[in-house]
Amino acid sequence: MSLKRKAAELATDAKKAKTASQGSITSFFGAPKPNPTKAATAPAKFDKEAWVEKLTEEQKELLKLEIDTLDESWLAQLKDEIVKDDFLDLKRFLKKEVANGTVYPPMKDVYSWSRHTPLHTVKAVILGQDPYHGPNQAHGLCFSVRPPTPAPPSLKNMYKALTKDYPDFKPPPKNSGLLTPWADHGVLLLNTVLTVRRGDANSHKGKGWEALTSKVIETVSRVRSNGVVFLCWGNSAAASVSKINSTKHHILKSVHPSPLSASKGFFDCGHFKKTNEWLVTRYGEGSEIDWNLDVDPEVAGV
């Protein structure tokens with residue numbers, strides 16, 4: 001056998017040995033496998049224009065506020081809820097209310113919670129009942145008021161609880177009550193009922209908002225599946241999260257911060273600190289919420 005031929009055979013044998021070795025390693029560790037399930041369950045992009053095009057003319061008229069002002073991340077999830085007959089009846093009722101008097105918050109602010117806190121940014125949820133019913137107060141975020149309106153009593157009690165958790169807590173300038181910095185940091189500030197007649201607390205309760213806001217809570221629980229914190233103050237808020245998986249999400253309950261009940265445990269509930277401790281445990285350093293509110297209103301988006 002020639003030296004040239006012998007060298008060729010040795011090279012071939014070495015190549016076969018290398019291939020066999022690689023095969024055995026692959027079979028031992030297992031070849032990387034694609035994850036078709038993950039790809040298959042990826043949500044399709046919401047085509048808002050196509051969805052609107054399928055609405056009837058009456059639906060387009062009644063749902064103009066939702067189409068124009070509800071953040072698209074939420075609209076994609078709530079679109080089936082808002083075309084239900086009960087919600088359309090709510091919008092007909094609201095249309096009459098606006099025509100006959102003043103409704104708070106201003107219509108452009110009803111869904112401001114969705115724009116300040118898009119679905120993919122939600123870290124925590126604070127649940128309220130219905131909006132403030134006085135002038136220059138409600139602007140679509142529960143417990144929050146527009147400057148220069150002073151912080152209402154419940155919100156002042158929240159500041160007291162915060163100061164117990166964080167002694168260096170900084171409230172808003174001039175004793176005001178603007179909470180948009182929280183919303184911009186991932187705190188969904190959601191009322192159970194989103195509108196109210198001027199000077200008439202709970203006047204829009206039972207008119208249809210509850211079904212929508214229940215859907216919002218369910219959506220957070222389902223979509224933000226790695227876990228968020230629900231801060232529930234009072235019996236109504238606690239009832240709103242009764243179906244939430246408490247092993248996946250962190251549910252904190254206490255009495256309402258109202259002067260009527262705050263002294264029964266709210267000041268010492270530690271919810272603000274507990275929220276951050278849980279977020280850091282779940283997501284790591286840097287995931288906590290900056291509860292400070294010393295932000296210029298213009299910078300805060302009001």
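Begin by selecting Pro148, which sits in the loop between β2 and α9. Helices (H or I, at least four residues) and strands (E, at least two) are DSSP runs numbered from the N terminus. The peptide bond from Pro147 to Pro148 is cis, with omega near 10°.

Before you move on, a note on what is on your screen: this is a predicted model, in which local features need pLDDT of at least 70 and side-chain atom pairs count only at pLDDT 80 or more, while totals for chains, interfaces and linings use all residues. Residues are numbered from 1 along each chain as its sequence is written, and side-chain values use heavy atoms, with hydrogens and water left out.

Pro105 lies in the loop between β1 (103–104) and α8 (112–116). Most peptide bonds are trans, and most residues other than glycine have a negative phi.

Find Asn136 in the loop between β2 and α9, and Asn175 in the loop between α9 and α10 (180–184). Asn136 is partly exposed at 39% relative accessibility; here buried means under 20% relative accessible area, exposed over 50%, and partly exposed in between (1.4 Å probe, protein chains only). Asn175 is partly exposed as well, at 41%.Next, select Asp130, in the loop between β2 (124–128) and α9 (153–165). The UniProt record, in an unreviewed entry, lists Asp130 for "active site"; such positions are given in the numbering used here, feature names are shortened, and annotations may be inferred rather than shown by experiment. Is Asp130 buried or exposed? Asp130 is buried, with a relative accessible area of 17%. Show what surrounds Asp130: leaving out residues up to four places away in sequence, Asp130 touches Asn191, Val193, Val196, Ala201 and Asn202, where contact means heavy atoms within 4.5 Å. Draw a distance from the side chain of Asp130 to Asn202: a polar atom of that side chain lies 2.7 Å from the backbone nitrogen of Asn202.

Then go to Glu81, in the loop between α6 (72–78) and α7 (85–100). Glu81 is buried, at 13% relative accessible area. The side chains of Glu81 and Lys84 are joined by a polar contact of 3.2 Å. A polar contact is a pair of N or O atoms within 3.5 Å; within protein, one must be able to donate a hydrogen and the other to accept it, and residues adjacent in sequence count only if both atoms are side-chain atoms. Beyond its neighbours within four places in sequence, Glu81 is in contact with Phe87, Ala211, Leu212 and Lys215.

Now look inside. Select Trp74, Tyr111, Trp113, Trp182 and Trp209, which touch the most other members of the largest nonpolar core, a group of 76 residues. A nonpolar core is a set of buried Ala, Val, Leu, Ile, Met, Phe, Trp, Tyr and Cys residues joined through side-chain atoms within 4.5 Å. In soluble globular proteins, nonpolar side chains tend to be buried together. Stay on Trp182: among the residues it touches are Ile126, Met158, Leu162 and Phe272.

For a last stop, select Cys142 and Cys232. Cys142 is buried, with a relative accessible area of 0%, and Cys232 is buried at 0% too. How many disulfides does the structure hold? The structure holds zero, counting a disulfide as a pair of cysteine sulfur atoms within 2.5 Å.
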